[in-house]
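My notes follow in the order I took them.

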Amino acid sequence: MVHLTTVPNDDVAQAPLVEGLQNIEFEQPQEDEVTASVYGSRFASEGLPGHSLPDGEMPRDVAYRMIKDHLTLDGNPVLNLASFVTTYMEEEAEKLMAEALPKNFIDYEEYPQTADIQNKCVNMIARLYNAPTDANEDNAMGTSTVGSSEAIMLATLAMKRRWQNKRKAAGKDISKPNIVMNSAVQVCWEKAARYFEIEEKYIYCTEDRYVIDPAEAVAMIDENTIGICTILGSTYTGQYEDTKAVNDLLIKKGIDCPIHVDAASGGFVAPFVVPEMEWDFRLEKVVSINVSGHKYGLVYPGVGWVVWRSPEFLPKELVFNINYLGADQASFTLNFSKGASQVLGQYYQFIRLGRSGYRSIMLNLTRTADYLAACLKQMGFVIMSEGGGKGLPLVAFRLNPEKKHHFDEFAVAHQLRERGWVVPAYTMAPNANKLKLLRVVVREDFSRSRCDSLIQDIKQAVETLAKMKDGTAQQYME
């Protein structure tokens, strides 16, 4: 609805907000005096331009205030518990990022130190994910992106092109590529498959399994499969898929099929909370990994990263070499120009926090999520996420069907919204979509104190709905 805008026809754009208003004459505002305040100016009595570029100028303080006022009905990002995206950074990080706003990151010749910082970040992430670094190994490769969506697009393109090249060399058909993945993947995977004409082969969730079934996934592979996607942190329940089991089955059966790990959410959590868990380049079939810096990487949106095990898995023909910015440089992106601020913000967090800082934060988030889950379970909710660091620091929960409430999870979400909280209610992935659930994402600035406030408001929401008559409560249901 908001990402794809329909431009209205002139009759709609010029129509008054309230029908019949065009028949009423209003006194027109006078030209502003030099001493006019923001709300004494003529702009305060006019609507904000929305359809055509205005003919005249607006003073900068007025423009700032008019836009700021327009945004006051937006939700508070701190209370938006639907989003994984970072809502807090230190003042020094914000200052560093603000100072870099004029820099076009892609201009490596003009900003070589900024490009060097990206390289430092890629190096750190590759080693965090145990990329091979021995002298006799090929070098791992990686790049920054505007988020995990772009990173996934690039990784999908690389898998598809590598599959095509192998098929062409063998004189085989390349018209029917497919990819195996969980039906609970984030929508960017569906976009990648559809945009790049790849058949989606889904392992569907059930009412008691919300992650990929390794045996079923491997059984779906055929000669046209470009790869398998496993998820380190499901969007729905936060669970980690068993990448090692998929890897081991591929090896056992002698199947040559690469694995891409979508670590958008879990890539900066699992290495610090469960470092012993094998999901990354320690597994030989894992050829590429993406991660979102603007989620648990603790950077404002948008920045993502993608790393390949070696150049073997990134076909050369996908990398473009250009020199029109003043020097020879390689480019493998879907876009071109982008700001440098988020890359610098990521590097700030890396050197500011180090492994110990990330570990402390992620363990605190895990503790808070476990506390919230325990409280909700005690209140009678059914917990659908895994605690104790076995999944992301989030809590997915639903009403206990045995209690036969006359309201549902969507009604609870509506009540919480009246208190300012954004706690999403949604249905599970296909084949399990009869299940309704709520989800709270525990981010860095979601302290124990704020958690207690949420718990109190959830209790109040349920009590309020329980007192409502059936018909009243049902108007808020899905």
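**Helix H6 and its surroundings**

I began with H6, whose buried residues pack against H5, S2, S3, S4 and S5. Buried means under 20% relative accessible area, exposed over 50%, and partly exposed in between (1.4 Å probe, protein chains only). Helices (H or I, at least four residues) and strands (E, at least two) are DSSP runs, numbered from the N terminus. This is a predicted model: local features need pLDDT of at least 70, side-chain atom pairs count only at pLDDT 80 or more, and totals for chains, interfaces and linings use all residues. Residues are numbered from 1 along each chain as its sequence is written, and side-chain values use heavy atoms, with hydrogens and water left out.

Which residues of H6 are buried? I found Cys188, Trp189, Ala192 and Ala193. They lie on the same side of H6, because they cover an arc of only 140 degrees around the axis (the arc is that of the directions from the helix axis to the C-beta atoms). An α-helix has 3.6 residues a turn, so residues three or four places apart point the same way. Arg194 and Tyr195 are exposed on the other side of H6.

I then checked both ends. At the start of H6, a side-chain oxygen of Gln186 comes to within 2.8 Å of the backbone nitrogen of Cys188. Just after H6, Glu197 has a positive phi of about 55 degrees.

**The sheet of 7 strands**

I traced the strand order as S1-S7-S6-S5-S4-S2-S3 in an open sheet with mixed pairing. Two strands pair if DSSP finds at least two bridges between them. S1 (141-145) and S3 (199-203) are the edge strands, each pairing on one side only. Neighbouring strands are turned by 20 degrees against each other on average, direction ignored. Axes are lines fitted to C-alpha atoms, for helices over the stretch in contact, and angles run from 0 to 180 degrees between N-to-C directions.

S5 (residues 259-262) and S6 (residues 286-292) pair in the parallel sense over 4 bridges. There, His260 stands opposite Ser288 in S6. H6 (residues 187-195) packs on this sheet and touches S2, S3, S4 and S5. Contact means heavy atoms within 4.5 Å. The direction of H6 makes about 145 degrees with that of S3.

**Strand S7**

Why did I note S7 as largely enclosed by the rest of the structure? It is because 5 of the 5 residues of S7 are buried. Gly304, Val306 and Trp308 point one way from the strand, and Trp305 and Val307 the other.

S7 pairs with S1 in the antiparallel sense over 5 bridges. Gly142 has Val307 in S7 as its bridge partner. S6 and S7 also pair in the antiparallel sense, over 5 bridges. Here Ser292 has Gly304 as its bridge partner in S7.

**Nonpolar cores**

I looked up the cores last. A nonpolar core is a set of buried Ala, Val, Leu, Ile, Met, Phe, Trp, Tyr and Cys residues joined through side-chain atoms within 4.5 Å. The largest has 104 residues, of which Tyr129, Met362, Met428 and Leu454 touch the most other members. Helix H10 (residues 341-378) gives the most to this core, with 15 residues. Another core lies apart from it, with 29 residues, including Ile152, Met153, Ala193 and Phe332.

Notes:
A polar contact is a pair of N or O atoms within 3.5 Å; within protein, one must be able to donate a hydrogen and the other to accept it, and residues adjacent in sequence count only if both atoms are side-chain atoms.
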